[in-house]
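Okay, hi everyone, let's get going.

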Amino acid sequence: MSDWELGLLDASSLKLLGGVVVVLALATVIAWLLGRRLGPTSTIVNLKQRINAWWLMVALIGAVLAAGETVTILLFLLLSLLALREFITISPTGRGDHKVLVWLVFIIPAAHYWFLWEHWYGMFSVFIPVYAFLFLPARNALAGQTTGFLQRTAAIQWALMVCVYAISYAPALLQLPLAMEAGRDAAEGSAPGTGGATGAHLLLFLLIVVQGSDVLQYVWGKTLGKHPIAPSVSPNKTWEGFIGGVLSATALGAALWWVTPFTPLMAALLAFISCVMGFAGGLVMSAIKRDRGIKDFGSTIPGHGGIMDRLDSLCFAAPVFFHAVRFFYT
């Protein structure tokens, strides 16, 4: 069993996913019991929708990891495009931006993820923050529409950075193990899948800790929350929820040290940093939603909202987690 592998999954990955399945099974039973006792209230319906969506998301991440790095990267490219669509829909863009939006949606994300798939870290790391950052406003200036130029350009830049660049750091974790074992030069341009199961362990560790932190902050906030952190931005985010959720998820990360290259203390530290960054991502996205007068970015995921409502914490945590691991372990 210890030598079993399927794509990027091995026995340790199955243990992680099995643990998540057990938690989801317990949550499903609890939601069913609450439904029997309280009836089909809006809270119960929303809770069941959230749990059902989690079942699908866990099955999806397990399936793409079993299929290998290429399919996993394609999944995150699709998520980036869906998130980009949500972000642009609420942004103050106009007809004059249409040609820039073609580059934004159809060309730059595909090129960026191709660099990622090629394990071309040098280009992956600078393509969007340098070349796309300079190209997009120049192309937009050629359109000649100057009204609201700075606001429109800033919104486009931000959408690209958050929905594509930041999210792409999650699948980029799959490439770190080779750099950790053989050095950064050996990893540059290596074949897809060379990170093996260890890359999947890093990705699962980040996903479980960050998404677990979101859930735990919600639970702590609902049970003990009294003092909002930023009531005008998100009244449901309380100090009690933040502290309880982050510390609980940090303990969860420390308990998962065995599946990572980290010591228990380092696993706890990286989990803590990821949780704090994840909270910052959720807070920033809440501020954007308040600014645009919407509750959710979309309705793609029943019970959760849009893609960005589910990935808001990951898009802030993934780049920091990636660079922390790359700095200390490669």
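So, start with two helices: H11 passes H12 in a right-handed crossing. Right-handed means the near helix is turned clockwise from the far one by less than a right angle, and left-handed means anticlockwise. Helices here are DSSP runs of H or I with at least four residues, strands are E runs of at least two, and both are numbered from the N terminus.

Quick word on where this comes from. It's a predicted model, where local features need pLDDT of at least 70 and side-chain atom pairs count only at pLDDT 80 or more, while totals for chains, interfaces and linings use all residues. Residues are numbered from 1 along each chain as its sequence is written, and side-chain values use heavy atoms, with hydrogens and water left out.

Back to our pair. H11 covers residues 264–292 and H12 covers 307–329, and they pack at an angle of about 145° with their axes 7 Å apart. The axes are lines fitted to C-alpha atoms over the stretch in contact, and angles run from 0 to 180 degrees between N-to-C directions.

Now the surface. Trp239, Ile243, Leu247, Leu269, Phe272, Ile273 and Val320 make a nonpolar patch of about 600 Å². To join a patch, a residue needs over 30% relative accessible area and no salt bridge; nonpolar side chains (Val, Leu, Ile, Met, Phe, Trp, Tyr) are joined within 5 Å, and like charges within 9 Å. The areas come from the Shrake-Rupley method with a 1.4 Å probe, and for residues only the protein chains shown count as cover. Helix H10 (239–255) and H11 each give two or more residues to the patch. Phenylalanine 272 is in H11, and at 37% relative accessibility it's partly exposed. Buried is under 20%, exposed is over 50%, and partly exposed is in between.

On to salt bridges: a side-chain nitrogen of Lys or Arg within 4 Å of a carboxyl oxygen of Asp or Glu. How many does the structure hold? Five.

One of them joins aspartate 97 and arginine 152, at 2.3 Å, N to O. Aspartate 97 sits in the loop between H3 (69–89) and H4 (98–117) and arginine 152 in H6 (149–172), so the pair ties together parts 55 residues apart in sequence. Buried or exposed? Aspartate 97 is buried, at 0%, and arginine 152 is buried too, at 4%.

Lysine 295 and aspartate 296 also meet in a salt bridge, at 3.6 Å, N to O. Here lysine 295 is exposed at 64%, while aspartate 296 is partly exposed at 28%.

Terms used:
Buried < 20%, exposed > 50% of the residue type's maximum accessible area, 1.4 Å probe, protein only.
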